[in-house]
Amino acid sequence: QVQFVESGGGLVQPGGSLRLSCAASGSSASMDIMGWYRQAPGKQRELVADITSGGTINYLDRVKGRFTISRDNAKNTVYLQMNSLKPEDTAVYYCNARRYSFGTPLNYWGQGTQVTVSS
């Protein structure tokens with residue numbers, strides 16, 4: 001059973017910064033991909049950024065240049081540094097970890113952390 005410890009969400013003014021972190025535990029296998037998704041009220045969940053164990057990174061276009069994802073493979077931990085935050089970044093942010101077992105993707109989700117950007 002994979003468990004997550006997420007931290008770093010909160011309320012911030014437009015233009016401010018937050019850093020999310022997510023540590024995955026309970027799996028003897030390392031995670032192939034770790035990342036962050038978000039879901040705003042009334043909208044579908046979307047990928048914000050993810051990073052492979054080899055360091056390949058993928059960003060949602062709307063956050064490029066503002067958000068930076070990184071990970072510590074030894075700790076199965078992923079971070080999301082969010083700068084120049086905008087009100088439209090307000091959402092619940094979910095940590096995601098994925099590993100492949102005989103070609104089958106196994107997805108694991110954190111409980112979510114609220115990020116609110118408002119003056």
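A nonpolar core, as I use the term here, is a set of buried Ala, Val, Leu, Ile, Met, Phe, Trp, Tyr and Cys residues joined through side-chain atoms within 4.5 Å. I keep in mind that this is a predicted model.

**Core.** I looked up the largest nonpolar core and found 28 residues in it. Trp36, Val48, Phe67, Val78, Leu80, Met82 and Tyr93 have the most contacts inside this core.

**Fold.** I then counted secondary structure: the protein chain has 11 strands and zero helices. The radius of gyration is 14 Å, close to the 14 Å that the globule rule gives for 119 residues, so the chain is as compact as a globular protein of that length. For the outline, I noted that the C-alpha trace spans about 45 × 25 × 25 Å along its principal axes.

**Contacts.** How many of the contacts between residues at least 6 apart in sequence join residues at least 24 apart? I got 53% for the protein chain.

**Burial and surface.** Of the 119 residues, 41% count as buried. The protein chain exposes about 6300 Å², and carbon and sulfur atoms supply 47% of that area.

Methods. Residues numbered from 1 in each chain as written. Predicted model: local features only at pLDDT ≥ 70, side-chain atom pairs only at ≥ 80, totals over all residues. Heavy atoms only, no water. Helix = DSSP H or I, 4+ residues; strand = E, 2+ residues; numbered from the N terminus. Rg over C-alpha atoms; globule rule 2.2 N^0.38 Å. Buried < 20%, exposed > 50% of the residue type's maximum accessible area, 1.4 Å probe, protein only. Contact = heavy atoms within 4.5 Å. Areas by Shrake-Rupley, 256 points an atom, 1.4 Å probe, with all protein chains shown as cover.
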